[in-house]
Amino acid sequence: QLSCLVKVVTLHGIPKDLDSYPKDLLLFLSPSDYAATGSCREYFANIGKANLDVLQRESSQRKELLLEALACLKIPGMQVNEEDAEILGGLVCDLGGEYIRNSGGTLLKRLSQCESFLPDQEEAIRRVISSGNTTFGPPATWSAFTFNELSGLIPVLDHSVLQKIPK
């Protein structure tokens, strides 16, 4: 339905008030389509707020969105900073394990909001958390607040990490 709606909305060109349309609609436009009304950073900031689950997790369209976002943001060396993570929004859930490892704890809070993870992502999350080199510190120092902040990552944590968290 969204894909059909995009065709209707863009029938006579890209509307100037594109930002007033639902964010999910933007998933079916390309950054070049959006360029007429704003920058690629704005486009991906809006995409990051969209319901990415409208597109299948491993779909070519969703993979292409992530690649275009990384290119737009000029993310160097597979490391995402806080500002870029904010723009990526839900697309953070599609970053591979290498990005998660290289970004350290920067992505943990955002990743805790993801529905599911691939094995490579799970391993990277465990490694980052186990290192203790995050703003949350090592699991042995976590409070109930920290645990709540990262509650979406609990299913990823293995016994070696969970046993370190204070009761």
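## Exercises on side-chain contacts

Arginine 127 and glutamate 123 lie four residues apart in helix 8 (residues 119–131), so about one helical turn separates them. The model used in these exercises is a predicted one.

**Exercise 1.** Determine what kind of contact the side chains of arginine 127 and glutamate 123 make, and which network the pair belongs to.

Solution.
- Step 1. The criterion is a side-chain nitrogen of Lys or Arg within 4 Å of a carboxyl oxygen of Asp or Glu.
- Step 2. For arginine 127 and glutamate 123 the N to O distance is 3.0 Å, and the contact is a salt bridge.
- Step 3. Through shared partners, salt bridges join Glu98, Arg101, Asp120, Glu123 and Arg127 into one network.
- Step 4. Glutamate 123 has a relative accessibility of 28% and therefore counts as partly exposed.

**Exercise 2.** Describe the salt bridge between glutamate 98 and arginine 101, and classify both residues by accessibility.

Solution.
- Step 1. The closest N and O atoms of glutamate 98 and arginine 101 are 3.3 Å apart.
- Step 2. Both residues sit in helix 6, with a spacing of three residues, or about one turn of the helix.
- Step 3. Partly exposed covers the range between the buried limit, under 20%, and the exposed limit, over 50%.
- Step 4. Glutamate 98, at 34%, is partly exposed, and arginine 101, at 22%, is partly exposed as well.

**Exercise 3.** Locate the partners of the salt bridge between arginine 57 and aspartate 94, and state whether each is buried or partly exposed.

Solution.
- Step 1. The N to O distance between the two side chains is 3.5 Å.
- Step 2. Arginine 57 is in the loop between helix 3 (40–47) and helix 4 (60–73), while aspartate 94 is in the loop between helix 5 (82–88) and helix 6 (97–103).
- Step 3. The partners are 37 residues apart, and the pair links distant parts of the chain.
- Step 4. Arginine 57 has a relative accessible area of 22% and is partly exposed; aspartate 94, at 15%, is buried.
- Step 5. The count of salt bridges under this rule is 13.

**Exercise 4.** Find how many aromatic pairs the whole structure holds, and classify the geometry.

Solution.
- Step 1. The search of the whole structure returns one aromatic pair.
- Step 2. The ring centres of tyrosine 43 and phenylalanine 44 are 4.8 Å apart, and the planes meet at 75 degrees.
- Step 3. Planes over 60 degrees apart count as edge-to-face, so tyrosine 43 and phenylalanine 44 form an edge-to-face pair.
- Step 4. Tyrosine 43 is buried at 0% relative accessible area, and phenylalanine 44 is likewise buried at 0%.

Definitions and conventions: Residues are numbered from 1 along each chain as its sequence is written. This is a predicted model: local features need pLDDT of at least 70, side-chain atom pairs count only at pLDDT 80 or more; totals for chains, interfaces and linings use all residues. Side-chain values use heavy atoms; hydrogens and water are left out. Helices (H or I, at least four residues) and strands (E, at least two) are DSSP runs, numbered from the N terminus. Buried means under 20% relative accessible area, exposed over 50%, partly exposed in between (1.4 Å probe, protein chains only). Rings of Phe, Tyr and Trp (its six-membered ring) pair if their centres lie within 6.5 Å; planes under 30 degrees apart count as stacked, over 60 as edge-to-face and the rest as tilted.
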